[in-house]
Amino acid sequence: MQQDKEYVGFAALPNQLHRKSVKKGFDFTLMVAGESGLGKSTLINSLFLTNLYEDRQLPEASARLTRTLTIERRGVEIEEGGIKVKLTVVDTPGFGDSVDCSDCWLPVVRFIEEQFEQYLRDESGLNRKNIQDSRVHCCLYFISPFGRGLRPLDVAFLRAVHEKVNIIPVIGKADALMPKETQALKQKIRDQLKEEEINIYQFPDCDSDEDEDFKRQDAEMKESIPFAVIGSCEVVRDGGTRPVRGRRYSWGTVEVENPHHCDFLNLRRMLVQTHLQDLKEVTHDLLYEGYRASCLQSLARPGARDRTSRSKLSRQSATEIPLPMLPLAETEKLIREKDEEVSKYLALPQPPRTPSLLRSPSMASPSHRLQSCPAQLRRMQEMLEKMQAQMQQSQTQGEQSDTL
Ligand code: GDP
């Protein structure tokens, strides 16, 4: 009976989505953090086959002693088989360089939060369709192969960011370790992460209908964490035959893309081929939602802005502040901006009233326009009312607590 049914053509729906996404391109923001000299820039170049750091100047050893952490953003557009990816790499030079490293990770936390804040602002504005997503989708955190696991600085950093970004821990310069030592270090790091209750990126479960090969690769990838990686910007000839990316030593060559030598391939497969979209989704649905919810809560929370609680918060470190807040002045500014946008929208010059133009909702009179896109305007109006009510509520509560 099924085959008697007429063909409608829904089967082509995925193609439409595919074409649209390819046309739009993909963007991804990757942060690399960890001590200097652990091979972060070399690994990024090896991962994406670019030379993202050609203009980099390395500071002298003496300058490093007092060096503070800076945030550098570099972008590159990669095209492969007609698919464009706009990759932004956020580097954190100076991390852990200084003699006094206390709180040196705070600029990173602030940076991640600023990207969330920017997105929240853009999302609440009128031009929601063209939002530039600068949120950090993943942080590759480099751990030294020379230590005995996570150092206090690693733990402090990971704790400060683990609820704001997807963390993927990696052991840099893994050619410094023998396979047995690598496994022992991995186990130690896994135990420490568990003990310290640090949440790293959780790989989603494999679908039961996936083929066996995929399932095996997925399990292998999960077992590899933290990925032990080797990077190299050089292509060497292995025995004069096959050109490979690797590091040549007097005793032989370490191959970056050889799964017996390191987890580079697993990391690249995971980051690019299998989990890029999931990393973006977790950033949006979980990490950003958490930030957004806490912002809204702090706006509506009774007494959130009274003097007592503010003086208490100022004594805490920035990472301990429980709820990030949009300042009241910011909220007022946002409301004013929205008011202006709505008025501008309604005051657009009217076109000549030809019958054909009048039929076009975008060119009709303001009142007609109001009716033609009621959902958008209703939503804006509701948002304005909500924000005004919240402001009034917190003002009244502030006054009440002042009189008490
Ligand atoms: P970053 O400061 O963390 O960005 O480190 P770099 O990528 O600049 O690397 C610092 C030095 O380590 C350079 O001399 C690299 O050639 C070297 N290097 C990078 N990756 C590796 C690796 O996997 N193994 C070894 N042995 N050396 C590496």
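How many helices and how many strands are there in the protein chain? The chain holds 14 helices and nine strands. The model described here is a predicted one.

**Overall picture**

The protein chain has 404 residues, and 39% of them count as buried. Its accessible surface amounts to about 24,500 Å², with 51% of that area belonging to carbon and sulfur atoms. Among the contacts with a separation of 6 or more, 69% are accounted for by residues 24 or more positions apart.

Helix 4, made up of residues 106-124, has 19 residues. From its first C-alpha to its last, helix 4 reaches 27 Å, close to the 27 Å expected at 1.5 Å a residue. The buried residues of helix 4 include L106, V108, V109, F111 and I112. Further along helix 4, Q115, F116, Y119, L120, E123 and S124 are also buried.

R110 lies in helix 4 as well. Is R110 buried, partly exposed or exposed? R110 counts as partly exposed, because its relative accessibility is 47%, a value between the 20% and 50% cut-offs. R110 and V161 are 51 residues apart along the chain, and their C-alpha atoms are separated by 9.8 Å.

**A cavity between elements**

Rolling a probe the size of a water molecule over the atoms shows where empty space is left. In this model the count comes to two cavities of 30 Å³ or more. The second largest cavity has a volume of about 40 Å³. Its lining is formed by F214, Q217, D218, M221, R269, T274 and H275. Helix 7 (212-223) and helix 8 (264-274) are the elements that give two or more residues to this lining. The largest share, four residues, comes from helix 7. By class, the lining of the second largest cavity has two nonpolar, three polar and two charged residues.

**Backbone features in loops**

Most residues other than glycine have a negative phi, and most peptide bonds are trans.

| Residue | Phi | Relative accessibility |
|---|---|---|
| K173 | near 45° | 37%, partly exposed |
| E197 | near 55° | 62%, exposed |

K173 is found in the loop between strand 5 (167-171) and helix 6 (179-195). With a relative accessibility of 37%, K173 counts as partly exposed. E197 has its place in the loop between helix 6 and helix 7. E197 counts as exposed, because its relative accessibility is 62%, over the 50% cut-off.

Which residues does a cis peptide bond join? The bond lies between I225 and P226, with omega about -5°. P226 is placed in the loop between helix 7 and strand 6 (227-228).

Note on methods
Residues are numbered from 1 along each chain as its sequence is written. This is a predicted model: local features need pLDDT of at least 70, side-chain atom pairs count only at pLDDT 80 or more; totals for chains, interfaces and linings use all residues. Side-chain values use heavy atoms; hydrogens and water are left out. Buried means under 20% relative accessible area, exposed over 50%, partly exposed in between (1.4 Å probe, protein chains only). Contact means heavy atoms within 4.5 Å. Accessible areas come from the Shrake-Rupley method with a 1.4 Å probe; for residues, only the protein chains shown count as cover. On a 1 Å grid over the protein atoms alone, a cavity is a set of points where a 1.4 Å probe fits but cannot get out, and a pocket is an open set with protein on both sides within 12 Å along at least five of seven lines; lining residues have an atom within 4 Å of a point. Grid points are joined across faces, edges and corners, and a volume is the space filled by probe spheres set on the points. Ala, Val, Leu, Ile, Met, Phe, Trp, Tyr, Cys and Pro count as nonpolar, Asp, Glu, Lys and Arg as charged, and the others, Gly among them, as polar. The expected span of a helix is 1.5 Å times one less than its number of residues.
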